[in-house]
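Hi,

Here is the structure I promised to pass on.

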Amino acid sequence: MQPGEPREPREPRPGAETAAAPPWEKAKTFHDNPAPKKKPKSPKPQNAITIAVSSRALFRMEEEQRIFEERGVEEYVRYQLEHENEPFSPGPAFPFVKALEAVNRRLRELYPDSEDIFDIVLMTNNHAQVGVRLINSINHYDLFIERFCMTGGNSPICYLKAYHTNLYLSADAKKVQEAINEGIAAATIFSPSKDVVVSQTQLRVAFDGDAVLFSDESERIFKAHGLDRFFEHEKAHENKPLAQGPLKGFLEALGRLQKKFYSKGLRLECPIRTYLVTARSAASSGARALKTLRSWGLETDEALFLAGAPKGPLLEKIRPHIFFDDQMFHVAGAQEMGTVAAHVPYGVAQTPQRTAPVKPAPPAQ
């Protein structure tokens, strides 16, 4: 079995998922929609796994953003109202949200009374008047998003904890940094450079290790003292678990849902699959990463130790709905290969590189 190949027999391997277009790629009109389907009841926020998604992550709004930046908020609102009956195109977080909803459907079949499911919240600093177009777009694509937070120009970050947010995805790096500073798992999501068809029945999530699932303590050793000292440090501390990173809680939530399928004898048909994709090498520093996960009672379905090799080609085979990394270099490499990548602004890799001050030129004589 190749890395990234799904276990469920109903689905072709990732390399074969290229022909069919996703079902949400349909004509852009609100007028030919069938009658609204009866939607399930929303879970209580404290019982659910809450994924907060910004409007610019869920939908493509480049033209609207350009109008806002060049012509101001009044023209922006006017444009939105004039185009109220035109749905937005899907954005980078759209396939991820659809995959979350696919998992929810399976969970509701197996556990109809459980509220331990994903709950999507749309977070936006848009004016409430723009909400009509967002609602129309959500209904157009048959998304189950009942909770909205529209803050009319103010940052929505202060509301994340009130919504019991487990993960926040946004196209705005400043807001993501605010969320990270508040102790909330968050990432800036980027569109891939090319379109790649992803699974419609299995949620696939790929994580970097250091400064994403784990703290950046080992990365600090590498940055300060080099690779040899890093290997020595990891060998000496192999049996000491790393501290948790910002995305540990999200992996924990995914693992909890996976076990609900396992308990029904559906391990091989589980609609959630997780991956550790790390630049660590297996022999020199991989054991500590795996033992840390074990100490937390967690695991990933696959662990790929690349020993510094590019991550993009492996991610192209996995075809995750989202890949989290703390370094923009790896995010860019994933984008080039068609992966929706999300930058986690945490740890030593975010520290600006300091250079020696430039000495002023001597005054002219």
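Helix H8 (227-236) and helix H10 (282-295) are among what covers the buried residues of H7; covering here means contact, with heavy atoms within 4.5 Å. Before going on: this is a predicted model, where local features need pLDDT of at least 70, side-chain atom pairs count only at pLDDT 80 or more, and totals for chains, interfaces and linings use all residues. Residues are numbered from 1 along each chain as its sequence is written, and side-chain values use heavy atoms, leaving out hydrogens and water.

Helices are DSSP runs (H or I, at least four residues), numbered from the N terminus. H7 itself spans residues 217-225, and Ser218, Glu219 and Ile221 are buried in it (under 20% relative accessible area, with a 1.4 Å probe, protein chains only). Looking down the axis of H7, you'd see its buried residues within an arc of 155°, so they line one face of the helix. That arc is taken from the directions from the helix axis to the C-beta atoms. After H7 comes glycine 226, with a positive phi near 95°.

Now for the core. The largest nonpolar core has 77 residues, and Phe250 and Phe324 have the most contacts inside it. Such a core is a set of buried Ala, Val, Leu, Ile, Met, Phe, Trp, Tyr and Cys residues joined through side-chain atoms within 4.5 Å. Leaving aside residues up to four places away in sequence, Phe250 touches Ile51, Phe96, Phe118, Leu167, Val205, Phe207 and Phe324.

Cheers

How values were computed: Buried means under 20% relative accessible area, exposed over 50%, partly exposed in between (1.4 Å probe, protein chains only). Helices (H or I, at least four residues) and strands (E, at least two) are DSSP runs, numbered from the N terminus.
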